[in-house]
Amino acid sequence: MGDSARSQVHYEVFARKTPASSWALQSALENRELAIQAAKELLAARRAAAVMVSKETLDVESGEYRSLSVFTDGVVEQKKKTVLAREVDSICSSPQEFYTPIAREKIGRLLEEWLKRNGVTAFELLHRPDLAERLDATGTELQHVCQKLAVPESQDTGADLHETMRRWRALIDKAVTRLITDGRKNTFPDIVPSNWLATIDKLKDHPEKAYVLGGALAKVLAKDNRPAVKLEKLLLFATVLADASDGREWALNVIEAPVVELFSSRTALSDVLGEEADLGTSLAVLTRMAASREVDLIAQIDPAVARVIPPLKDVLAGYHKLMALGSFHHLSQNIQKRLMQELKGPRRLKPGDPNAEIETLRALAMCITAAGKEEAQRDDIKEAFIERSKMLISADFVDSLVRTAQSPVQEVEKLVWLCENVAGAGNKRQAAQWLASSIGSLKFERDIRDHARPAPQRLLWLAQMQKRAIAAQLGDKALEDVSGKLGKFGGEIATDGQVISNMLRAQAPALHKLAWLLSFAAGQAAPLGPVADQAKAEVMRILRMPAMQEALNNNPQAVAQLKPMMQAAGLAA
C-alpha cells in the first residue's frame, strides 16, 4: 500500500504574539509553499513575534498524527517553567466525561452556531450518531473547538499547545467513533410511552444506563427539529415517569437534561407560544414558572401583574406542574439563573414600547422579589433590577418615553412613574433629574398655569405628583428639588385664582371650610409649599375663633373626622 493511500498531509501555521506567549494556530493549508508564505507575511506585518509551519501527516490506519517542523522564524522562544495543572479542573480524559452537565454546557457554548444551524441541542449531539457523523465531516468546526479548548489549557498548565490540541482531537475522535459504533450496533432502544417504564427498568443495572437511555430519547427527538414538538414529546415521557418514579429517579434526571437545554434556547419559548416572543414576554413566562404562587397572590391585588404575567397553558403548564411536584430541580435552578442573566443583559424587554417596558419590569420586580427566599438570592435579585434600571434612565429611553406624552403635564406623569419603578439610589437620582428638568421647563409652566382647567383641579394634580415623588424615595436633595418646584407652582396657581380667599368667602358651614383648608395644609388637595403654609395659617386663625371652638365642642364626630388631617398637617399630636 502506497504512502498516499495510508496518509494525509496538511501544513499548519502557528504564531506567537510575544516571545513569552504560547503558539496559536493561525491557519491550516494543503500547500507547503503557501503555508510558509502565510507565516512570513504574519512576521512582516508585525502581527507576530515568531512563526512556525508544521507538517502534519495523518496515518489512516492508526489515526495518529506525525508532526514535523518545516519552517521557523522570529524571536527565539522564551522557555517557561512548566506549571502543574490544578488538582480540580475541567479537563476531560475520557469520552464519558463529555456527558456531564458542565461538559454539555461547554459544548453548547463552543458549538452554539453549529447547533443552532442544525436545530439541535448539545444533549442530542452527544446521543445521535447521525449528528456526530455530520459534525465530524465538517473538519473545521472540530478543529476550532480543539483550539478553543487547548489554548487556555496550555496557558494554564504550561503544556505544549500542539500536543494539547492533538490530545483533544484524539479524545473527540474516540467519542465520535464510540457513538457511531453504538448506533450501528442498535445499542439505543426504540421507546414509546407504552414501553417506556419497562425500558427504564431493563436498563437499571446497565453500567451506562444514562447514556443508553439518552440515546433512546434522542431518537425520539430526531423526528422533528421544532423545540415545541420536542418539549411536548419529552413532557409525555416525563409525566408517565413522574407518576411512577420510585426507583426511577435516575431516568427523570436523564430526561431533564434535554428539557433544560431546550428551555435555555431563546427560540424555544417563541415556538411554544406560537409567536415571536420579545424578552419581556419570555421573562414573564419564566417568572410564572419559577414563582407561580407569588404571581397569583400579587395579581389578586394588582390587575396589571395578571395582565403582564398571564397563566401558563399547554406544555408550559405541564412542566410547571412537574416542578411544583418536586421534579426537575435543575430546570428550576436554570430558569432562575436565566432570569438574573437576562435582567442584567442589554436587551430591551419591550423594544419600541417604553410604557410596556416599565409595566413589565415593575411586574417582574414585585413577583421575583417576593419569591426570593434566601438573603444571597435577594441580594442577587436586587442587583439585577438595579442593573436593568440603568437602561430606563438612559437618554434614549427617556426620550422615547416622553415622546408618547400628549401634553407637558402627561410628560411629568410619565417621569414620576419612571421614578417610582427604577431601583437603586443612583438610578433614582438620575430619574429625578429628568423629572426636575421637565417640571422646570417653560412648556410645563405654561400648561400647568393654563386657566382652561379649574385651579382646584390643577392643585390636586400637583399634590398627587408630589406625594408620588415623596413615596418614590428619590433622595433628600433630588426630592427637595422636585417637591419645591411642584410646591412653587401650587402657590402661584392658588394666588392667581385667589383659591383660599374664595374658599373662605364661600357660602358653606364653618366645619366644611375647615376641612377644605386642612386638606390643603396636609398636602392632600394642594402641594406642600406656599399654598399649604397659607392654608395652615388660616386653619390656626379659624381654630382660635370662639364660634369654631364651640362648634367643635358640640360635634365630637366632626373632630374625629378632622383629626387625621390635622395630624398630617402637623397641627395635632
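Is Lys-219 buried, partly exposed or exposed, and what is its relative accessible area? Lys-219 is partly exposed, with a relative accessible area of 33%; buried means under 20%, exposed over 50% and partly exposed in between, for a 1.4 Å probe and protein chains only.

## Basis of the model

This is a predicted model, in which local features need pLDDT of at least 70 and side-chain atom pairs count only at pLDDT 80 or more, while totals for chains, interfaces and linings use all residues. Residues are numbered from 1 along each chain as its sequence is written, and side-chain values use heavy atoms, with hydrogens and water left out.

## Salt bridges

Across the whole structure, a search finds 40 salt bridges, each defined as a side-chain nitrogen of Lys or Arg within 4 Å of a carboxyl oxygen of Asp or Glu. One of them pairs Lys-219 with Asp-190, at 2.5 Å from N to O. Because Lys-219 lies in helix H10 (residues 209-221) and Asp-190 in the loop between H8 and helix H9 (196-203), the pair ties together parts that are 29 residues apart in sequence. Helices (H or I, at least four residues) and strands (E, at least two) are DSSP runs, numbered from the N terminus. Asp-190 is exposed, at 59% relative accessible area.

Glu-359 and Arg-307 also meet through their side chains in a salt bridge, at 2.2 Å from N to O. Glu-359 belongs to helix H19 and Arg-307 to helix H16 (residues 303-308), so this pair joins parts 52 residues apart in sequence. Glu-359 counts as partly exposed, at 23% relative accessibility, whereas Arg-307 is exposed, at 53%. Elsewhere, salt bridges that share partners join Glu-124, Arg-128, Asp-130, Arg-134 and Lys-230 into one network.

A further salt bridge is formed by Glu-56 and Arg-166, whose closest N and O atoms are 4.0 Å apart. This pair links distant parts of the chain, 110 residues apart: Glu-56 is in strand E3 (residues 50-59) and Arg-166 in helix H8 (residues 161-184). Glu-56 is buried, with a relative accessible area of 2%.

## Nonpolar cores

In soluble globular proteins, nonpolar side chains tend to be buried together. Here a nonpolar core is a set of buried Ala, Val, Leu, Ile, Met, Phe, Trp, Tyr and Cys residues joined through side-chain atoms within 4.5 Å. The largest such core has 153 residues, and Tyr-319 and Phe-328 have the most contacts inside it. Helix H12 (residues 249-264) gives the most to this core, with ten residues. Apart from it lies another core, of twelve residues, including Tyr-11, Leu-42, Val-53 and Phe-71.

Leaving aside residues up to four places away in sequence, Tyr-319 touches Leu-231, Leu-234, Leu-235, Val-259, Phe-263, Met-289, Phe-328 and Leu-331. Contact means heavy atoms within 4.5 Å.

## Packing of H19 and H21

Helix H19 (residues 354-371) packs against helix H21 (residues 395-402) at an angle of about 110°, with the axes 8 Å apart. The two helices are therefore roughly perpendicular to each other, a class that covers 65 to 115 degrees, with angles under 35 degrees roughly parallel, over 145 roughly antiparallel and the rest oblique. The contact is made by Pro-354, Asn-355, Glu-357 and Ile-358 of H19 together with Phe-397, Ser-400 and Leu-401 of H21.

## Surroundings of Glu-411

Glu-411 is found in helix H22 (residues 408-421) and is buried, with a relative accessible area of 11%. Not counting residues up to four places away in sequence, Glu-411 touches Val-402, Ala-405, Ser-438 and Lys-443.

Conventions. Axes fitted to C-alpha atoms, helices over the stretch in contact; angles between N-to-C directions.
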